[in-house]
Amino acid sequence: MKVMVFDVGGTEIKYSVMDEGLNRTDAGSVPTPQDTQEHFLDTLYALYSPHRDEVSGIAMALPGFVDTRTGFVSNGGALLYNTGTQVGQLVRERCGCPVTLENDGKAAALAELQAGALQGCCNAAVFIIGTGVGGGIIANGQLVRGIHFTAGEYSFVNTNADEWENTGKTMACQCSTTNLLQWYRARRGLPADAPMNGRQFFDAANAGEPEALEVLERFCKAVAVQIYNLTVLLDVEKVAIGGGISKQPLLLDSLRRVYAGLFASRGDSPYMIGLPRTEIVPCHFSSEANQVGALYACLHTVGRMD
């Protein structure tokens, strides 16, 4: 069976035709519409239409609180035009085929649990660094969605109780690629809208630019503190890092070093005794984890695709 797979992000829509063996063909990406849901649906249809005769349906990973049973999105996350709408039904009506939906972070966690870096784990987590922060939690060897399908929504975690009203003090703002680049522009004295992407930042960091390395250190501490919190809350064995910048060895090396430093800085504290440390690993499927997880979600629920 072949399925049209979409990984809908805040910046781009990645797509491919994929079969059960995870073989991908006709892969590519287009910018995610930022204006209206109608434009979004038109974009999906334009990508799906050339393949309609070779696939059995659509499997999609997208941001927000996604009811995988009904296709209802109660909060669209990075794509607010999807909030409070039956996205699954709308895509099904536009494309005329079966559709399954999964939250993007949970899709990545499912991919890594089934065939990637988290195979065999009891408790683990996926941390997807992108336009926002996607996530997925594995508990007792199972993906946790939650009764309201909001489990693992790291973006909404507040990072400073003393500044509750400051929405910039959330994981979405503190631990995303968007914020990394924002901090770098500020450190370099560049305009807030100056063109910049993750590749340019890591070119500078890998070249040893002091400003880039300073920003990377700050960013890794923000992420490492949240991984520490996951360790305390869930006793996770592994945390798999995904998203485009997860392909950068410098990010993983810096993150592991900073995470270890959190424990070292409190080495004399009695209450730290016995507290485990998690293993920080890259997602096996890297930036394709969301697509692979969307396919697995589809295969596991194909009997009720309609």
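Okay, so, first thing: what you're looking at is a predicted model. The chain has nine helices and 13 strands. How compact is it for its length? The radius of gyration comes out at 19 Å, close to the 19 Å that the globule rule gives for 306 residues, so the chain is as compact as a globular protein of that length.

Buried residues account for 51% of the 306. The chain exposes about 13,700 Å², and 51% of that comes from carbon and sulfur atoms. As for contacts, take the ones with a separation of 6 or more: 64% of them join residues 24 or more positions apart.

Let's zoom in on one helix pair, α5, residues 177–188, and α7, residues 210–234. The two pack at an angle of about 145°, and their axes are 9 Å apart. The crossing of α5 past α7 is right-handed.

Which residues in α5 meet α7? That would be Leu180, Trp183, Tyr184, Arg187 and Arg188. Over on the α7 side, you've got Glu211, Ala212, Glu214, Val215, Arg218, Phe219 and Ala222. Sort that contact by class and you get seven nonpolar residues and five charged ones, with no polar residues.

So that's the pair: a right-handed crossing, with nonpolar and charged residues making up the contact. Okay, that's me done.

Methods:
Residues numbered from 1 in each chain as written. Predicted model: local features only at pLDDT ≥ 70, side-chain atom pairs only at ≥ 80, totals over all residues. Heavy atoms only, no water. Axes fitted to C-alpha atoms, helices over the stretch in contact; angles between N-to-C directions. Helix = DSSP H or I, 4+ residues; strand = E, 2+ residues; numbered from the N terminus. Left-handed = near helix turned anticlockwise from the far one by under 90°. Contact = heavy atoms within 4.5 Å. Nonpolar A, V, L, I, M, F, W, Y, C, P; charged D, E, K, R; others polar. Rg over C-alpha atoms; globule rule 2.2 N^0.38 Å. Buried < 20%, exposed > 50% of the residue type's maximum accessible area, 1.4 Å probe, protein only. Areas by Shrake-Rupley, 256 points an atom, 1.4 Å probe, with all protein chains shown as cover.
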